[in-house]
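Here's a quick briefing for anyone meeting this structure for the first time. Have a look at it, then read on.

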Amino acid sequence: MARITANGVEMRAHTLFTAPGRAVAALQRETGMKLQELVDRAKSKDADSETWSLKVTEFLSEQARGNLLTLEQIWDRPLPLYVLDADEQRRIEEAGAAEVPTPAGTDIPAPDTSAEPAPARKTSRSSASTPKSRGSRGKSAAGS
């Protein structure tokens, strides 16, 4: 799980979707925004959206820890830093080692090995090879 260091304290990083409901509700009270508005704001491409998202993550993380700071207090602090845990660091190192560099000067793009092959298409049977079903001809048991 991602972690952040905020105001000299390392803590678990919470987003709108991983934070406890009380923390999200506190954010809604602080901002006066509905949940969908918060999500849209986080996804926006405005110049300050990254800073806003970091501060919201810090606010939600502090709320989840029981540190009931206001959003105003969070905005007055320096930006938090993301901290990689051991699993994330290992995954990054393994991904870097698994990459095979392409020869320089070639115009041929490297094949995309992450895509799975397309599933085989099922072919329908021809109508002549299968007789038309006329349903069940048996009688059902009484009372069932």
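How exposed is R90, going by its relative accessible area? R90 is partly exposed at 39%, where buried means under 20% relative accessible area, exposed over 50% and partly exposed in between, using a 1.4 Å probe and protein chains only.

Keep in mind that this is a predicted model, where local features need pLDDT of at least 70, side-chain atom pairs count only at pLDDT 80 or more, and totals for chains, interfaces and linings use all residues. Numbering starts from 1 along each chain as its sequence is written, and side-chain values use heavy atoms, leaving out hydrogens and water.

**Salt bridges**
- The whole structure has eight salt bridges, each a side-chain nitrogen of Lys or Arg within 4 Å of a carboxyl oxygen of Asp or Glu.
- R90 pairs up with E94 at 3.4 Å, N to O; both sit in helix α5 (residues 86–98), four residues apart, about one turn of the helix.
- E62 and R77 make another, with their closest N and O atoms 3.1 Å apart.
- That pair links distant parts of the chain, with E62 in helix α3 and R77 in the loop between α4 and β3 (81–83).
- E62 is buried at 1% relative accessibility, and R77 is buried at 14%.
- Both also belong to a salt-bridge network with K55, E58 and R65.

**Helix α1**
- A23, V24, A26 and L27 are buried in α1 (residues 21–31).
- On the other side of α1, you'll find G21, R22 and R29 exposed.

Note on methods:
Helix = DSSP H or I, 4+ residues; strand = E, 2+ residues; numbered from the N terminus.
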